[in-house]
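Subject: Structure for your files

Hello,

Please find the structure below. My notes on it come after.

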Amino acid sequence: MSQVSQDYLERMNDEYIELTNRIQKLKKFYGLRYQRQLDDFTYCLLKKQLKQMKAYRRTVKLRIKYENSKRQEHGHISDQKDSD
């Protein structure tokens, strides 16, 4: 696998980790609705944002798995990272 492809996979893994961290932070913030006195519309928008972030993270994870499967097909098993 070329260095460019390896860098691409590493960036996707980094993005997945960053998304996970941001989702956790938003969940914590979202969960403190009454303590933060969020209005209904803001709360609704945060809920929507959280749902979309989770969907995007699932897509990134699928892309990582797909790229890793392609690497396995081409004999790059030793380079595979655990994405779960």
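The notes cover the nonpolar cores, the salt bridges and the surface charge.

This is a predicted model, in which local features need pLDDT of at least 70 and side-chain atom pairs count only at pLDDT 80 or more, while totals for chains, interfaces and linings use all residues. Residues are numbered from 1 along each chain as its sequence is written, and side-chain values use heavy atoms, with hydrogens and water left out.

Cores. The largest nonpolar core consists of seven residues: I23, L26, Y30, L38, L46, L50 and M53. Helix 1 and helix 3 are the elements that give two or more residues to this core. Another core lies apart from it and has six residues, including L9, Y16, L19 and I64. (A nonpolar core is a set of buried Ala, Val, Leu, Ile, Met, Phe, Trp, Tyr and Cys residues joined through side-chain atoms within 4.5 Å. Buried means under 20% relative accessible area, exposed over 50%, and partly exposed in between, with a 1.4 Å probe and protein chains only. Helices are DSSP runs of H or I of at least four residues, numbered from the N terminus.)

K61 is found in helix 3 and is partly exposed, with a relative accessible area of 24%.

Salt bridges. The search of the whole structure gave two salt bridges (a side-chain nitrogen of Lys or Arg within 4 Å of a carboxyl oxygen of Asp or Glu). One joins E18 and R22, whose closest N and O atoms are 3.0 Å apart. These residues are four apart in helix 1 (residues 3-31), so about one helical turn separates them. E18 is partly exposed, at 37% relative accessible area. The side chains of E67 and K70 also meet in a salt bridge, at 3.4 Å from N to O. Here the spacing is three residues in helix 3, which again means about one helical turn. E67 is buried, at 17%, whereas K70 is partly exposed, at 30%.

Surface charge. K47, K48, K51 and R58 form a patch of positive charge on the surface (patch residues have over 30% relative accessible area and no salt bridge, and like charges are joined within 9 Å; the place of a charge is NZ of Lys or CZ of Arg). R58 lies in helix 3 (residues 40-73) and counts as exposed because its relative accessibility is 52%.

Regards

Key
Patches are made of residues with over 30% relative accessible area and no salt bridge: like charges are joined within 9 Å, nonpolar side chains (Val, Leu, Ile, Met, Phe, Trp, Tyr) within 5 Å. Accessible areas come from the Shrake-Rupley method with a 1.4 Å probe; for residues, only the protein chains shown count as cover. Lys and Arg count as positive and Asp and Glu as negative; His and the chain ends are not counted.
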